[in-house]
Structure formats: structure tokens, C-alpha cells
Amino acid sequence: MAIEASAKKAGLSGQDMHARLKRQNLIHFRLFRYYDQLHTQSLDWVADDVIETLNNWEQEEMEVQR
């Protein structure tokens, strides 16, 4: 649900969002690791958090590659 909600909010397909999250290892390090805490938040909040975290991690990756 979190991946689909994030994808919809970001204007992406679920597959594209999943691929980007997987590439950054965020499915494990964010969604699974913090499942209990995320489960207490609204789906809208979780989607925003996932998108923000993904964008930050992708930006950091680009900076390291420079």
C-alpha cells in the first residue's frame, strides 16, 4: 500500500516506484525496518515520507558519484 500510494502521489507507476525504492534499498531500510512506526501514521503521511526519503537518497547517491 505504501509503495502504491507513494507512486500515485509522485505521478509514477507502482513498478517504477518499486524499482526506485529497491535500487536505493529503501524497501528494507525504511518500509520493513520501521514498519511498526509507519503503521501508526496515515497513508498520506507515509507516502510523503517515502517520496521525500527516496528523493534525498537518490540525491545523495548522485553527489557521491560526482
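Start with Arg20. Arg20 is partly exposed, at a relative accessible area of 22%. On the terms: buried is under 20% relative accessible area, exposed is over 50%, and partly exposed is in between, with a 1.4 Å probe and protein chains only.

A word on the source. This is a predicted model, where local features need pLDDT of at least 70 and side-chain atom pairs count only at pLDDT 80 or more, while totals for chains, interfaces and linings use all residues. Residues are numbered from 1 along each chain as its sequence is written, and side-chain values use heavy atoms, with hydrogens and water left out.

Which residue does Arg20 form a salt bridge with? The partner is Glu58, and the closest N and O atoms are 2.5 Å apart. By salt bridge I mean a side-chain nitrogen of Lys or Arg within 4 Å of a carboxyl oxygen of Asp or Glu. Helices here are DSSP runs of H or I, at least four residues, numbered from the N terminus. Glu58 is buried, at 15% relative accessible area.

Now Lys9. Lys9 forms a salt bridge with Asp44, and their closest N and O atoms are 2.4 Å apart. Lys9 lies in helix 1 (residues 2-10) and Asp44 in helix 5 (residues 43-65), so the pair ties together parts that are 35 residues apart in sequence.

Lys9 also meets Asp48 in a salt bridge, at 2.6 Å from N to O. Again the pair links distant parts of the chain, with Lys9 in helix 1 and Asp48 in helix 5, 39 residues apart.

Buried or exposed, or in between? Lys9 is partly exposed, at 39% relative accessibility. Asp44 is partly exposed too, with 47%. Asp48 counts as partly exposed at 37%.

The structure holds 4 salt bridges, and I have shown you some of them. The general point: side chains of opposite charge can pair when their charged atoms come close.

Thr53 counts as buried, at 8% relative accessibility. What does Thr53 contact, leaving aside neighbours within four places in sequence? Leu26 and Arg30. Contact means heavy atoms within 4.5 Å.

Notes
Helix = DSSP H or I, 4+ residues; strand = E, 2+ residues; numbered from the N terminus.
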